[in-house]
Amino acid sequence: MRFFILLLLGLNLPVFRVCASDFPKLFNTEPVSEDGLMPAQLAADRMKLPKGFEASVFAAEPDVQNPIAMAWDGRGRLWIAENYTYAERQQRFQLDLRDRVVIFDGTGSKQQTKRTVFTDQLQMLTGIEIGLNGVWLMCPPQLLFIPDRNHDDIPDSDAEVVLDGFHVADQNYHNFANGLRFGPDGWLYGRCGGSCPGRIGFPGDPDNQRLALEGGIWRYHPRKQQFEVLTTGTTNPWGHDWNEVGEAFFVNTVNGHLWHMIPGAHFTRPFTLDPNRKTYELIDFHADHWHFDTGKNWTDSRGGAANDYGGGHAHIGAMIYNGDNWPDPYRGKLFTLNMHGRRANQERLERHGSGYLAKHEPDFLLSEDEWFRGMDLSTGPDGSVFLIDWSDAGECHEHTGVHRTSGRIFKVQYGDVPTPRDNNLLKWSQDALADAHSEVNLWYTRQARLELIRRNQLGADLTAATQKLWELHNKAEASNSRLLVQTYLTLHGLGCIPVEVHVETLRHANEHLRAWAIRLLTEDWRIDDAMGPLSADQRHTQSAHPSQPRARNDEQTIIQTLNDIASSETSPLVRLTLASTLQRIPTESRVDLAAQLVRHRDDSEDHNLPLMIWYGLIAVSDQTPEALIKIAKNSQLTTTLRLIARSVGEQMDTHPENANHLLQIGLQEKSKLEAILTGFSQGLKGWQHATMPQVWPKVQTAATDETASLIQELSVLFGDGRAIDDVKALALDRNQTNVPLRIQAIETLIQNRIPQLRDVCFQLLDDNRVNFIAARGLASINEPGIGEQLVKNYNRFRGPKRPQIISILASRPEFAEELLQAISEGKIPKKDLQAYQVRQIKSFADTDLKKQLIATWGDIRDTPQEKQERIDELKTKLTAATSKELSKGRILFKKLCQNCHRLYGEGERIGPDLTGGNRSNLDYLLQNIIDPSSVVDKDYRMQIILLEDGRTLNGLITEQSDRTITLQTATERLNIDRREVEYVRKTNLSPMPDGLLDALSLEEINDLLSYLQHPTQVAIPNE
């Protein structure tokens, strides 16, 4: 989809002035003929909908074009953001064009009755919301506000910059800031993709006062002028909404399509590390299904071919239906537009543990228009649903061109819609606005809340409204969650709920109301951002304009109350809210609350709680790690306990007493020992030696079948001589049938660099079950003759492991010399040397070695001109070629690509999953294979590590702690002790090397590319 790949350059764009000027003439660059564009009415008529539903054309081109976002005002009118500045990949943005905002009246009819241009003085417009006397606009890198206090649909002044820093990375044109929507709590919520990290603040704020946004959801409070980052992670969230009790959900384009929005959560992200290295593990998406067969190509989902799954992996827009036109079975369901499937998916949101789980319901809508590109959908004042269609021939990851002169708004209704009432809430009485909170159609509740808050900010006396709201709230049954929550949120937004009432509400019978009482009590306490707790500067800046500054003693009283209820709280949803709140309270106060939350054994397998509690404890582990012991004593949550142990393990040298205390807990409660030992093993991965805890001999005597191997592994790390002898004997035992156990033993010896390591590894070189691990051990030893021995035994290594051996031989100049000599003499096949290793050998900058490399491999094309010439050459030769040897292409993919990339469910997840890539486009493939570093994300740049033992390693850092680095090379994953590292240098290069095709014949290149372009998996002979 075009807007997914907006080439935002991170420019500090000017704020456009409101002035009269001709709107630039639009032009299209999409090469696909407009003949394929189905007429709007025909597209509506052919939509497949459930019985009783009808789609009509509310507006279409030229009245609406390129609609990228939508919003409602308090008069029942629909506002549309039109984006024209997006351009094709080569152009990035067409900055001689402008974007605009248009208003449509007549939403109670099937067709708009009036169209008004509010402004056409914008660029890079990706989100819109209306409220509080103006228009809110997301125009990366800025959040703008255009005031219209007299509501005459004419801007009162120039746009005001509210926030800035929503930059889009120069290296990545995906996943930028988008979408705006007022939440039921009065905050303005927005979204941002993970590949375009921002440092957000008010205009002029220095860097140390800005918050880290690394993908996810953020919010801003217009009256308090506070900004905070709520979640971190995902790929590209593009749609969010709230259910009737105020729980937020958002959809994501790929790698999981739906999340419950939990403030403080770190969600899964593709290919890159979470910015906070101590999160350790991330929360996965909140659905039990995917909308495509992950074992097949996503292109199979087009045209309705994947009805059983849901149509494809790209999701845009989110609406939880809470209107009064559609039948009751649709109420509370979440709908999202599935781009590849040209449909609307329907999700049933079920309470599950502490949160929600989305279940797949039958797809609601299916379009036969091949240009249908649904952007968003929203319930209107008459209860029907409005859907905006970008309308283009292009899809995401396809860069053929743009079509600016098409766009539609469809209206989907059930049966006849009653004659619309007066939807101008600006003229409603206070009683009517309060009564709107009882409306079945939540549209009125939301707009009534915004209107009451607007009047309140203007100083109006709202006594009548607040009295009516309190009456509705107090008379509501405990089971009437919707009315209880909605009235409560509006009263809070009007500043009518004192602290003591919030505190009383913590004991209310309704779990949703209890959860909201916690959130509202603590909303002025800034939550940790993506990197952890805010600095003093950030906390001061972000709380610069609190409406009611809270006294310190009041804060402590509230915290104590939260501690008191945490131990007895019966609702996992409320416990999740408390876990989220951990990141809002001072670090020194988090321990007592966490110690109560981890007591709930029922939460041990919960999807969210064990990790959310840990995220709140990260700051504790950094500042007062000894306090974690108290939580470990109480913990009935295995995951939280394991992560505590991992953190304690990482600090074993600096705080050994904590390890002792933790092990004593494990000895007293044997059920906890395995989690503690597993956490230690994870935290000490890559260490060569650690100080033995004082109680370790007692732990050794307490070994069970579940803990024996962990104890043995750690004993070697702690320098236990008997354990080392036992592990060495196991490594050398050729009669041992448990090969994985032998491999683990050898890895333990290597990690601990035992004095006899060279002799042990030499003895194993002729054992092809384990010799590849022995070779790794020899790689760490800088002694003459080792390279010669590896070359001599090369044919003893099994075929799948030989790429690792080549990488080892390429890690030192002395080894590389032996390797190139063996290739020149025919002892090692030339085809076994790949571009990965060639680049590494070349990096040694050894003149003689480079000459030997060129003589063996050939010259290396590394200038942009040479790469383009290679692309043009292959395009000419391959344009008409289609290999029938697809199985050979799969074998080549397995050899060259599968260690980093995943395709059809096979391979590693280090690089992008190619199943959903633009593989059908030969230009795309050649550009990315021959010149992979031309556009590389900041989080996906190759790093060069020089070790003290003389080795040079190239790869991608996938994990790191204060003590270790985990490096994914082209052939293996290595855990490296930082004390062995001389330097780490981040390059501007992709881990995917240049010259990947240089060692292949034209026939082999054709086989590989044909396989990559093939829409389905192919078999390997004799597989």
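1. Helix axes are lines fitted to C-alpha atoms over the stretch in contact, and angles run from 0 to 180 degrees between N-to-C directions. The model is predicted: local features need pLDDT of at least 70, side-chain atom pairs count only at pLDDT 80 or more, and totals for chains, interfaces and linings use all residues. Residues are numbered from 1 along each chain as its sequence is written, and side-chain values use heavy atoms, with hydrogens and water left out.

2. Helices are DSSP runs (H or I, at least four residues), numbered from the N terminus. The axes of α24 (residues 802-809) and α25 (residues 813-824) come within 7 Å and cross at roughly 125°. The two are therefore oblique to each other (angles under 35 degrees count as roughly parallel, over 145 as roughly antiparallel, 65 to 115 as roughly perpendicular and the rest as oblique). I806, I808 and L809 of α24 meet F815, A816 and L819 of α25 (contact means heavy atoms within 4.5 Å). By class, this contact has six nonpolar, no polar and no charged residues.

3. Helix α29 (residues 886-896) packs with α31 (residues 1002-1013) at an angle of about 90°, their axes 7 Å apart. That makes α29 roughly perpendicular to α31.

4. In α4 (residues 463-475), A465, T466, L469, L472 and H473 are buried (under 20% relative accessible area with a 1.4 Å probe, protein chains only; exposed means over 50%). They cover an arc of only 125° around the axis, which puts them on the same side of α4. On the other side, Q467, N474 and K475 are exposed. The buried residues of α4 pack against α2, α3, α5 and α7.

Conventions. Expected span 1.5 Å × (residues − 1). Arc of directions from axis to C-beta. Nonpolar A, V, L, I, M, F, W, Y, C, P; charged D, E, K, R; others polar.
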